[in-house]
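Here are my notes for you on this one. Have the model open while you read, and click on each residue as it comes up.

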Amino acid sequence: ISSPTATSVSTTAQRAKVSNSATIPLSACLRRFIRSESPEGVRWSCKLCQAEVPAAKKMDICRLPPVLCLQLKRFECDANGITRKIESFVDFPFEFFMDEYVAKNVATNIATGMVQTETSQPQPHYGDLPPMATWVKGQLLYELIAVSNQQGHLSSGHYTAYVKRGTHWFLCDDSSIVAVRPSDVRTTRAYLLFYRRIPSDR
């Protein structure tokens, strides 16, 4: 789902098929999302050689917006129609580069303006990244600005949100808004991650 200012990419522990006690890096989810898959027993008729060949499918990220929304698929359904919530801890960074996960022609996209930018100033602290002096102009740097949390199950639950304002984080729970530590933001309840692109050439 995309809009002029935001893009949603579904990525998760669901595909990883791991236990709820496992810790999964967000980078592993993104790599799995874009990798090529060959469904078992599925073949494709090649128009060039007129032969039946194994089918393969692959998702590519070709265009990045100023605001990137990553959805962690927290629910799975078995063959009997029974749903289960996936409560694995996805270790997502406060800042990271998206270069590794976009299509190979992203450099061309940057040069032609297909990668949308914004004019906001970067924050002074980037704890999850190498020193700013090592950054390369044009890199796709994103900073976490909000997290939507889901508590409960598929049929019912409660939603809260962590929101960053300036250099401080806040927990929004209905009418209650309280300041929290950055270490409180990463939990197993994280459902939607909102990242803002920061120009890396400043």
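Contact, in these notes, means heavy atoms within 4.5 Å. Keep in mind that this is a predicted model, where local features need pLDDT of at least 70 and side-chain atom pairs count only at pLDDT 80 or more, while totals for chains, interfaces and linings use all residues. Residues are numbered from 1 along each chain as its sequence is written, and side-chain values use heavy atoms, with hydrogens and water left out.

1. Start with Met 98. Leaving aside residues up to four places away in sequence, Met 98 touches Leu 30, Ile 61, Leu 64, Leu 68, Leu 140 and Tyr 142.

2. Met 98 is also one of the residues with the most contacts inside the largest nonpolar core, which has 29 residues. (Such a core is a set of buried Ala, Val, Leu, Ile, Met, Phe, Trp, Tyr and Cys residues joined through side-chain atoms within 4.5 Å; buried means under 20% relative accessible area, exposed over 50%, and partly exposed in between, using a 1.4 Å probe and protein chains only.) Which element gives this core its largest share? That is α1, with 5 residues. In soluble globular proteins, nonpolar side chains tend to be buried together.

3. As background, an α-helix has 3.6 residues a turn, so residues three or four places apart point the same way.

4. A word on cysteines: Cys 29 is buried at 2% relative accessible area, whereas Cys 49 is partly exposed at 46%. The structure holds 0 disulfides (pairs of cysteine sulfur atoms within 2.5 Å).

5. Strand β5 (residues 67-72) has 5 of its 6 residues buried, so the rest of the structure largely encloses it. β5 pairs with β14 (residues 190-198) in the antiparallel sense, over 5 bridges; two strands pair if DSSP finds at least two bridges between them. Across from Val 67 you'll find Arg 196 in β14.

6. Hold on to Arg 196, as it turns up again among the salt bridges. The structure has 6 of them, each a side-chain nitrogen of Lys or Arg within 4 Å of a carboxyl oxygen of Asp or Glu. Arg 196 forms one with Glu 143, the closest N and O atoms being 2.9 Å apart. Arg 196 lies in β14 and Glu 143 in β10, so this pair ties together parts 53 residues apart in sequence. Glu 143 also meets Lys 164, at 2.7 Å from N to O. Shared partners join Glu 143, Lys 164 and Arg 196 into one network. Buried or exposed: which is Glu 143? Glu 143 is buried, at 1% relative accessibility.

7. Compare Glu 100 and Arg 31, whose salt bridge has its closest N and O atoms 2.5 Å apart. Glu 100 sits in the loop between β9 (95-97) and α2 (106-111) and Arg 31 in α1, so the pair links parts 69 residues apart in sequence. Glu 100 is partly exposed at 45%, and Arg 31 is partly exposed at 41%.

Key:
Helices (H or I, at least four residues) and strands (E, at least two) are DSSP runs, numbered from the N terminus.
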